[in-house]
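My notes follow in the order in which I took them.

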Amino acid sequence: MAVGYRHIYRTARYLRSCRQLSDLEGLIKVSKADITLHSLHPKYYEFRVLKKNGGFRKIEAPQPGLMDLLRKLNFVLQCLYFFEKPPASYGFVMSHKGNKQPRNIRTNAERHINSACMLNVDFEDFFHQIKVDKVYAVLVNPPFHFSRESADVLATLCTFKGRLPMGSPASPALSNFAVRDMDWMLDAWSKERGYRFTRFVDDLSFSSETSAFHPTMMPEINAILSNFNMKINPTKTKWFGPGEVKVVTGLEVTDQVRIPGSFYYDLSNDLKRLKYSIEAQVQVMGSQHNEMVEKLKKQVRGKINFVGMIQGKGDRKYTDLLRDYDNAIHPDIDKLSVRWVDFPYQDF
């Protein structure tokens, strides 16, 4: 939920003035003792989720008490980053009520409209490249001014196995701060050469309105990244030439930004799966509510909301998807076959 600009401003100003953990207490409503206690042995659940390419992504999710603390810390970090963000940063950037220039996946892609050439570069294990010493350096230097002792506690609190964990609510904001100077340097380098540059979390996109990039482009980018000890995943480097449909963070970019047809195909299958799952649940159990169904409903609704954000709430595909979703979650009970719970066993 978007908050007011004044609230973001006041929170950011207060965070800039914090030096000790005791200063932070009043901002996040967590005692210094609790902050310190959680930092002594941060507890995480570790599990894997399947990626689209068939591999697995390792998730390290904070356990409930730590999760609540990191969520509160994330909010204040996001408030400060709102005023400190470089021009090229678009991922995990807070917005506010009435913001006419939000930073998100759609506006990130819009920066590259009408490009002749494009280069996409991905970091390798982005969060895991940001070690505890880098987080500590972020917290003791501007725009933060925490004492060494407080920064040490906070850096330990926000890291797991010596680096930012994939699954912590505070990792995105801290990663943005950690690569802030890199963003500025890449932005300046790009502007000198007439390129457009944006970063959406671990995805770096460079585009040009001319017909070709300079041959030294990739070595020069790698040289800048090496200054900040950041490595790319070379298998995900993608070049687009004139006449090709460019893709930025999964969105197609030509003279406009649009969602690719494959996304709608997958979403259509998800809607069918949701419909059949709910109908089966109703017939067998007499109710459509269970953990699996609720999780699937959230996933499908999230994808539909994504369509609305990218295409606009007045888009025909968006309104059709909303109708199909409503039909899926509200099955016509009278048209379903007899439910097992209604079967007249007593008549036999």
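**Rings and their neighbours**

I began with a charge over a ring: Lys-317 lies over the face of Tyr-264, at 4.4 Å from the ring centre. For this I required NZ of Lys or CZ of Arg to be within 6 Å of the ring centre and within 35 degrees of the ring normal. I found Lys-238 placed over the face of Phe-240 too, with 5.4 Å to the ring centre.

I note that the model is predicted, that local features need pLDDT of at least 70 and side-chain atom pairs pLDDT 80 or more, and that totals for chains, interfaces and linings use all residues. Residues are numbered from 1 along each chain as its sequence is written, and side-chain values use heavy atoms, with hydrogens and water left out.

Next I looked up ring against ring, and the structure holds 17 aromatic pairs. Rings of Phe, Tyr and Trp (its six-membered ring) pair if their centres lie within 6.5 Å, and planes under 30 degrees apart count as stacked, over 60 as edge-to-face and the rest as tilted. Tyr-5 and Phe-83 are an edge-to-face pair, because their planes stand at 75 degrees, with the ring centres 5.8 Å apart. Since Tyr-5 lies in helix α1 (residues 5–17) and Phe-83 in helix α4 (residues 64–84), the pair ties together parts that are 78 residues apart in sequence. Helices and strands are here DSSP runs, numbered from the N terminus (H or I, at least four residues, for helices; E, at least two, for strands).

I then checked accessibility, where buried means under 20% relative accessible area, exposed over 50% and partly exposed in between, with a 1.4 Å probe and protein chains only. Tyr-5 counts as partly exposed because its relative accessibility is 41%, and Phe-83, at 28%, counts as partly exposed.

I turned to Tyr-44 and Phe-160, whose rings form a tilted pair with 4.5 Å from centre to centre and 35 degrees between the planes. Tyr-44 belongs to strand β1 (residues 44–50) and Phe-160 to the loop between α7 (148–157) and α8 (171–178), so that pair links distant parts of the chain, 116 residues apart. Both Tyr-44 and Phe-160 are buried.

I also noted a cluster in which ring pairs link Trp-189, Tyr-195, Phe-197, Phe-206, Phe-213 and Trp-239.

Last, I wrote down the overall figures: the protein has 13 helices and nine strands, and of its 348 residues 45% count as buried.
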